[in-house]
Amino acid sequence: MGTHLAIGCDQGAAYMTLTARTDDALVAVKAEGIAGRIELHETKAEGAMTSTSASGTMTTTTAGMTGQTSPTSPAGTMTMRPVDRIELPAGEAVALRPGGYHVMLIDLTKPLQVGAPIELTLDFEKADDMTITVPVRDDAP
């Protein structure tokens, strides 16, 4: 997956795919000097039966930033809310993507530059922390 960034926006969203070797959970994300606050979020269609799955801990593909708003879908209004954790069932790839789970970077300390990588440290319930390099892009995955 990739990243998306709204230029001049004070928020960004990081997307990635995670796969855990054993049952685990993503419980926090840190980024030195990037944002005032970082939260795990979930976007869901309000009033519709939808499921969003999240997978992974040990393997990541790519990740990134976005300043998008929640769209309206035929199933209803999309709502975004913070979550305490993202479950990572053993061996299942869990995609953090627009319209599902993602990492919100709130109150960016400075505008993100397309093409400039940033580092995120993923904090898991059981596994050791993992630092990944995230390319900033101007389109969502």
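Which residue meets Asp-129 in a salt bridge through its side chain? The partner is Lys-30, with an N to O distance of 3.4 Å, a salt bridge being defined as a side-chain nitrogen of Lys or Arg within 4 Å of a carboxyl oxygen of Asp or Glu. Because Asp-129 lies in the loop between strand 11 and strand 12 while Lys-30 belongs to strand 3, the pair ties together parts that are 99 residues apart in sequence. The structure is a predicted model, in which local features require pLDDT of at least 70 and side-chain atom pairs count only at pLDDT 80 or more, whereas totals for chains, interfaces and linings use all residues. Residues are numbered from 1 along each chain as its sequence is written, and side-chain values use heavy atoms, with hydrogens and water left out.

The protein contains 0 helices and 12 strands, these elements being DSSP runs numbered from the N terminus (helices, H or I, at least four residues; strands, E, at least two). Along the sequence the pattern is accordingly β-β-β-β-β-β-β-β-β-β-β-β. Of the 141 residues, 43% count as buried, where buried means under 20% relative accessible area, exposed over 50% and partly exposed in between, computed with a 1.4 Å probe and protein chains only. The protein exposes about 7,000 Å², of which carbon and sulfur atoms supply 50%; accessible areas come from the Shrake-Rupley method with a 1.4 Å probe, and for residues only the protein chains shown count as cover. Among contacts (heavy atoms within 4.5 Å) between residues at least 6 apart in sequence, 83% join residues at least 24 apart.

An open sheet of 4 strands has the order 8-3-11-12, with antiparallel pairing, two strands being taken to pair if DSSP finds at least two bridges between them. Strand 8 and strand 12 are the edge strands, each pairing on one side only, and the twist from one strand to the next averages 40°, with axes given by lines fitted to C-alpha atoms and angles running from 0 to 180 degrees between N-to-C directions. Strand 11 and strand 12 form a hairpin with 5 residues between them, and 6 bridges join these antiparallel strands. Within this pairing, Pro-117 stands opposite Pro-135, and Leu-122 stands opposite Met-130. In a regular strand the side chains alternate between the two faces of the sheet. In strand 12 the covered face consists of Met-130, Ile-132 and Val-134, and the uncovered face of Thr-131, Thr-133 and Pro-135.

A search of the whole structure finds 6 salt bridges. The side chains of Arg-37 and Glu-39 meet in another salt bridge at 2.8 Å, N to O, Arg-37 being partly exposed with a relative accessible area of 41%. Glu-42 forms a salt bridge with Arg-81, the closest N and O atoms being 2.8 Å apart, and this pair links distant parts of the chain, with Glu-42 in strand 4 and Arg-81 in strand 7 (residues 76-83), 39 residues apart. Glu-42 is buried, with a relative accessible area of 4%, whereas Arg-81 counts as partly exposed at 41% relative accessibility. Salt bridges that share partners also join Lys-30, Asp-123 and Asp-129 into one network.

Gly-91, in the loop between strand 8 (86-88) and strand 9 (93-96), is exposed, with a relative accessible area of 59%. Gly-91 touches Thr-19, Ala-20 and Arg-21, not counting residues up to four places away in sequence; Thr-19 is 72 residues from Gly-91 in sequence, and their C-alpha atoms are 5.9 Å apart. Most residues other than glycine have a negative phi. Asp-107, in strand 10 (residues 101-108), has a positive phi near 60° and is partly exposed, with a relative accessible area of 41%.
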